[in-house]
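Here is a brisk report on one protein model. It starts with confidence and overall make-up, then turns to selected sites.

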Amino acid sequence: MANLKEQIFTALKSEQKLTELTKDIERAKENLLKNHSNPVFNISDKNKILKAYMELDDINRDIGRFDRLRQYKYTTEALQERKSIEDILKGGMYNYNYIWKSENSSNTCEVCRALNGREFDFYDEVPQRPHPNCRCKVKIVEGQGRKKYNISHNENNIQLSDLSSQEQVIYKLGKFASRVMKVSGSNLQNSLNDFEYAKKNEHAHIIDSRVKISNPGLVKLMNEVNIPLDSRGVIYDSESDQSKLLWRSPEIQGFVKSNLKNLKSGKMQDVYDIEFIKKNFPYDNFLALQHCKLYNPKITPEGNFHGLIVDYYDFKYRTGNDIITDINNWGYSMQEKGKLEKHFVIYIIYEKL
């Protein structure tokens, strides 16, 4: 990480290669998320990794602002922005060391024994556990003089004091991610903020009660998947970004290809299970839709594919030791505290084949 820190200083001073720099920072952020899934870290240290991720994200956003100010000749403001970034870096860009701790019992293998006490300067140097059933841990030690990432403000009627430290971190991360992840992000914004996203989107239509759904087949489906009658929801029409992204997904394209003959002949069931898989970081569709249904898929006489993707935005507690599980269980905890509203979502797909 020292190399990246020096790279940032150099790019700011020379005012060159800023685009390449932001790409390097994005790669470093992705590595941090991967490192978060390493089982050698405990919950407390995983929180530090997520905080580091957010600090790096702030730095990258500030660099983008500096570059825009510079390009538009706002010289004074650009210099102020650069100084602000440099002050953060001088305090130490997440100045962590990583110390390997072996169990050191009679069952400790030679590899683990040799790693005991070893100190790593950078997060991406920390190895995975050497073998199954390994009990080694890694302790993150925080250096001195580093900028603290403090989440103490109140946003969008969420009282952060009511949340655990990990919930606060994931909340902040989720708010950022929701700006760039169209499908999962819109669900999160709607659930957190009284359908804020849908209210501002001409292709999103709020349904204030499920009882207003009148299509008999759709009503039957929603009953079968236990969507409560008093649930609110959102219907995204076929021109929405969300519906178009889902249409282009490998899962929907694969479904159409595999069932093309029956689609053309009209020999289709009313309902099919659709699972969006965890592929292509940042896993937008996977995080947004799980165990969802494809309703009434067909090809119209005009040659268009038509179908509805139906899901209920509801988190169930899971066991596991990875960031996806942590995000899911954050959603579950927020629901239990009344901070996230469960709601149904329907995406209308109508596209020319």
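## Confidence

The protein chain has a mean pLDDT of 80, and 85% of its residues reach 70 or more. pLDDT is the predictor's confidence in each residue, from 0 to 100. Over residues 144-156, pLDDT stays under 50. For that stretch the model has 32 contacts beyond four places in sequence. Contact means heavy atoms within 4.5 Å.

This is a predicted model, where local features need pLDDT of at least 70, side-chain atom pairs count only at pLDDT 80 or more, and totals for chains, interfaces and linings use all residues. Residues are numbered from 1 along each chain as its sequence is written, and side-chain values use heavy atoms, with hydrogens and water left out.

## Overall make-up

The protein chain has 14 helices and nine strands. Helices (H or I, at least four residues) and strands (E, at least two) are DSSP runs, numbered from the N terminus. Among contacts with a separation of 6 or more, 67% join residues 24 or more positions apart.

Of the 353 residues, 49% count as buried. Buried means under 20% relative accessible area, exposed over 50%, and partly exposed in between (1.4 Å probe, protein chains only). The accessible surface of the chain comes to about 18,500 Å². Carbon and sulfur atoms hold 48% of that surface. Areas come from the Shrake-Rupley method with a 1.4 Å probe; for residues, only the protein chains shown count as cover.

## Cysteines

The structure holds zero disulfides. Cysteine 134 is in no disulfide, and the nearest cysteine sulfur, that of cysteine 136, is 3.5 Å away. The cut-off for a disulfide is a pair of cysteine sulfur atoms within 2.5 Å. Cysteine 134 is buried at 7% relative accessibility. Cysteine 136 is buried too, at 2%.

## Serine 209

Serine 209 lies in the loop between β4 (204-207) and α9 (216-224). Its relative accessibility is 15%, so serine 209 counts as buried. Not counting residues up to four places away in sequence, serine 209 touches Leu229, Asp230 and Ser231.

Leucine 229 is 20 residues from serine 209 along the chain, yet their C-alpha atoms are separated by 6.9 Å. A polar atom of the serine 209 side chain lies 3.4 Å from the backbone oxygen of leucine 229.

## Helix α11

Which residues of helix α11 (residues 250-258) are buried? They are Glu251, Ile252, Phe255 and Val256. These residues cover an arc of only 135° around the axis, so they sit on the same side of α11. The arc is that of the directions from the helix axis to the C-beta atoms. On the other side of α11, Pro250, Lys257 and Ser258 are exposed.

The cover over the buried residues of α11 includes the helices α10 (241-247) and α12 (260-265). It also includes the strands β6 (271-274), β7 (292-299), β8 (304-313) and β9 (343-352).

## Positive phi

Most residues other than glycine have a negative phi. Aspartate 194 is not a glycine, but has a positive phi of about 55°. Aspartate 194 is placed in the loop between α7 (182-192) and α8 (196-199). With a relative accessible area of 38%, aspartate 194 is partly exposed.

Asparagine 226 also has a positive phi, near 60°. Asparagine 226 lies in the loop between α9 and β5 (233-236). At 61% relative accessible area, asparagine 226 is exposed.

Technical notes: A polar contact is a pair of N or O atoms within 3.5 Å; within protein, one must be able to donate a hydrogen and the other to accept it, and residues adjacent in sequence count only if both atoms are side-chain atoms.
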